Amino acid sequence: MSTKKQLQLMHGDCRELLGLLQENSISCVITDPPYNYEFIGRNWDHDEIQRRIERIQDSSTLVKNIPYGSGLAGGVRNERWYQRNRENVVQYIEWAKDWSNELLRVCKNGAIVAVFSSTRTLAHIQIALEDAGFYARDVLVYRRHAGIPKGLNIEKKLAKLGDSDAHEWNGWHTCLRNEWEAIVVVQKPLIDNYINTIQETGLGPFKAILSDGSFQSNILEGFAKGRDEKFDEHCTIKPISLIRKLIDLFLPNDNNHVVLDPFAGTGTTLVAALELGYKAIGIEIEKNYIDVIQKRLDEGLFTGIHINGEQITGADTKGEVA
Ligand SMILES: C[S@@+](CC[C@H](N)C(=O)[O-])C[C@H]1O[C@@H](n2cnc3c(N)ncnc32)[C@H](O)[C@@H]1O
């Protein structure tokens, strides 16, 4: 694998920076955008996340695992509340359409775009991607086994309020244990059919038949975070083994393919792509996370890395990835 021009990392808002990428240059997108949880919102307020994480350390009631799902986190459920919630959903879809349109432009025909989402936001993400022109292929289940119920235990709450009939609500709660995240899988339209597309862009089908002859399920499980994944400065880091699996599923072994992550976080997609021998492009809005990515890449001893066009590792000449 050439060490030249392997990774391009860009700092800023992907809705603007995607415009700098070449049309029809990306072979696969694997990304994990904000899930529209109220206080994270679409703008990912890092300081607010940190403040809340610190605040919940001793609490048994507040949300400990942040990326749960869309909408407002609390408040009186009056008409105004539901109205604000609806507006929030519409704004989230509009925001997702902005980057979905750009993704369609930069992807090659047949390229897969896989977007992590919560059980409450996957519909919004899928609508935005389909509206941009992508074709829906599947929704994968990433089974986590780690969800904790977030909500109200009705019996306990009534007892606290002094209701003598509280026991009648034994077992009643306002939500279920959340054990999976969605991966919305869409595809840029084929060139007439799979064979033409494979011949033109090298993309289209899934690597669905496994080495033992079995068929890949659309439920993915058993992907725990490895011991080496100590980049927990970021609360939503995904297991690198899971991202590797997705890349294997979507991309043939051709080192010229470029993997893009427009919401790079700590760079899990980028590291997985580089490890598998592909080129990668990452965009991240938070400077803190750009630094984490850089540290992670340094430890992986990757070379030929560019941030905002500036070479930061290796002895290669400057250049573009795609
Ligand atoms: C859910 S996290 C991704 C975590 C990643 N999967 C990992 O394993 O580290 C989403 C990331 O998107 C970034 N982000 C939010 N809005 C953005 C935007 N408009 N452009 C680029 N990055 C953005 C956030 O700062 C955050 O790091």
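The protein chain folds into nine helices and 10 strands, taken as DSSP runs numbered from the N terminus (helices are H or I with at least four residues, strands are E with at least two). This is a predicted model, where local features need pLDDT of at least 70, side-chain atom pairs count only at pLDDT 80 or more, and totals for chains, interfaces and linings use all residues. Residues are numbered from 1 along each chain as its sequence is written.

Of the 322 residues in the chain, 34% are buried. Buried means 20 or more other C-beta atoms within 10 Å of a residue's own, exposed means 12 or fewer, and partly exposed is in between, with C-beta atoms placed from the backbone.

Now for the ligand: 22 residues surround it, and the closest are Asp-32, Phe-263, Gly-265, Thr-266 and Thr-268. To count, a residue needs its C-beta atom, placed from the backbone, within 6 Å of the molecule. Two elements, α1 (14-17) and β8 (279-284), each give two or more residues to this shell.

Helix α4 (residues 122-132) has buried residues including Leu-122, His-124 and Ile-125.

Most residues other than glycine have a negative phi.

Asn-24 counts as partly exposed because it has 14 C-beta neighbours inside 10 Å. Asp-192 is exposed, since 10 other C-beta atoms lie within 10 Å.
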